[in-house]
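Please go through the model below with its charged pairs in mind. Fold, surface and backbone follow.

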Amino acid sequence: MRVSASLLQHGKKMIDKYSLYVPTSGVFPKGYKVGSIASGVKKGNALDLGILVNTNKTRKSAAAAVFTTNKFKAAPVVTSKNVLDTTGGVDIDAIVVNSGCANSVTGELGMSDAKAMIDVVNGKLGKENSTLVMSTGVIGQRLQMDKISKGIKDIFEKDMFGNDFNAWLNIARSINTTDTFPKLVSKKFTIANGKEYTLVGMAKGAGMICPNMATLLGYFVTDLPIASSALQKMLRYATDRSFNCISVDGDMSTNDTICMIANGAVDTPEVNEHSPEYEQVQSQVTEFAQQLAQLVVRDGEGSTKFVTVNVENAFSFEDAKIIAESISNSMLVKTALYGQDANWGRILCAIGYAKLDNLKSLDTDKISLSFIATDNSEPKELKLIVNGVPQLNVDEERAAEILALNDLEVRVNLKTGSETAQFWTCDLSHEYVTINGDYRS
């Protein structure tokens, strides 16, 4: 059998991404266990169902979530939101996630299926309103509930849970769709009182990535005790500066969800909005979320470049973010970056049509635009526009060198204030069309 050159190249990219971005070890929080299984929804005996359970009984857990703003909200989004509204985010002890079917635009039957998934888990836990549900995959198809229900029962009844590295890596694999690698991040932190806690997070996503107050699927868990109201505020802040600052293709899913559980297994006072540790923990969660969100962009469908868009010295953070997003979503900018074409006019155009409420952040006589090299070569900064004036003698050879890098930065200095925002995006290649042209097959 002959194998096409493009398929071989795609396989090489997958191997490279595994070696670069998939961890070989990790640190994991106290009081959790995770399990995964191939329920048969996906072909080829691929993992497609995962369950996370809080086992700590010394304190009630806290949970929070940020959901898609897509008008066609999938059944699992509506169901999980109802659980959080009913419980106030208190005493949530499990998350169940399936891949291969999004259970979206499936009407009342889809709602019944989502509830059935959490009912099976709640039954195994012996509790009510204790489980959140997520689904990802093809839109408009019913869940194969016979396979999923059996899979959930098998994970519990055959005790397929663990808290070691392989167990966590496998549950990260179980939520993948077009991803080329599982996205798993873990880290220990120390708060001001000297207590150490652990964060672990996983996400799936490679396409349909351009969220608005939510994104893809992802969840974090920690053994630090955090009040549910503080956790919601913290997660929204972190999401707005991480998962809401990424773009692959400008599309927002019907299922996008980020959630977080804090089970309080670490013996330390509960963190609330007024705790001296609050801002420190919020900053650590944000940094952690940014690391995980960037992995989603690095796995962008068909992408060859990871691009950081820095918008500096804006009048407001909101304006800086809107401008950064406008650049990151531009198909013309993305294709120019793929073709290694230093067409800065496309970037300037995207800034000009950014949906700003006013022009307090944008003064055409002050703006500067540069490409920044990420490989420590010199000159590091290639200036394209300075104080609104295009540079006439741009070094095209140097521009080509910078744009040939796998990682690159676009820097915009507005000089109208002191606020800064970052967006992370990727280029748009021929392979993106190939992947999405036959997604359902």
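## Salt bridges

This predicted structure holds 15 salt bridges, each a side-chain nitrogen of Lys or Arg within 4 Å of a carboxyl oxygen of Asp or Glu. Arg142 and Asp113 form one of them, at 2.8 Å from N to O. The pair links distant parts of the chain, 29 residues apart. Arg142 sits in the loop between strand S5 (131-138) and H4, while Asp113 belongs to helix H3 (residues 107-125). Helices (H or I, at least four residues) and strands (E, at least two) are DSSP runs, numbered from the N terminus. Asp113 is buried at 7% relative accessibility; Arg142 is partly exposed at 42%. Buried means under 20% relative accessible area, exposed over 50%, and partly exposed in between (1.4 Å probe, protein chains only).

Helix H3 also holds both Lys115 and Asp119, four residues apart, about one turn of the helix. Their closest N and O atoms are 2.9 Å apart in a salt bridge. Lys115 is partly exposed at 46%, and so is Asp119 at 37%. Arg411 pairs with Glu409 in a salt bridge, with 3.2 Å between the closest N and O atoms. Here Arg411 is partly exposed at 24%, whereas Glu409 is buried at 12%. Salt bridges with shared partners also join Asp91, Asp93 and Lys127 into one network.

## Model and confidence

This is a predicted model: local features need pLDDT of at least 70, side-chain atom pairs count only at pLDDT 80 or more, and totals for chains, interfaces and linings use all residues. Residues are numbered from 1 along each chain as its sequence is written, and side-chain values use heavy atoms, with hydrogens and water left out.

Mean pLDDT, the predictor's confidence in each residue from 0 to 100, is 88 for the chain. Of the residues, 89% reach 70 or more. Residues 1-8 have pLDDT below 50, and this stretch makes one contact beyond near neighbours in sequence. Contact means heavy atoms within 4.5 Å. Where pLDDT is low, the predicted coordinates should not be read in detail.

## Fold and helix H11

The chain has twelve helices and 17 strands. Of its 441 residues, 55% count as buried. Among contacts with a separation of 6 or more, 80% join residues 24 or more positions apart.

In helix H11 (residues 396-403), the buried residues are Arg398, Ala399, Ile402 and Leu403. They line one face of the helix, because they fall within an arc of 135° seen down its axis. That arc is taken from the directions from the helix axis to the C-beta atoms. The buried residues of H11 pack against helix H9 (331-338) and strands S13 (368-372), S14 (381-386) and S16 (407-413).

## Surface

Accessible surface comes to about 18800 Å², with 50% belonging to carbon and sulfur atoms. The areas come from the Shrake-Rupley method with a 1.4 Å probe; for residues, only the protein chains shown count as cover.

Phe72, Val105 and Ile139 form a nonpolar surface patch of about 300 Å². Patches are made of residues with over 30% relative accessible area and no salt bridge: like charges are joined within 9 Å, nonpolar side chains (Val, Leu, Ile, Met, Phe, Trp, Tyr) within 5 Å. Phe72 lies in the loop between strand S3 (62-67) and helix H2 (75-87). It is exposed at 58%.

## Backbone

A cis peptide bond joins Glu378 and Pro379, with omega about -5°. Pro379 is in the loop between S13 and S14. Asn45 has a positive phi near 55°, and lies in the loop between strand S1 (32-37) and strand S2 (49-54).
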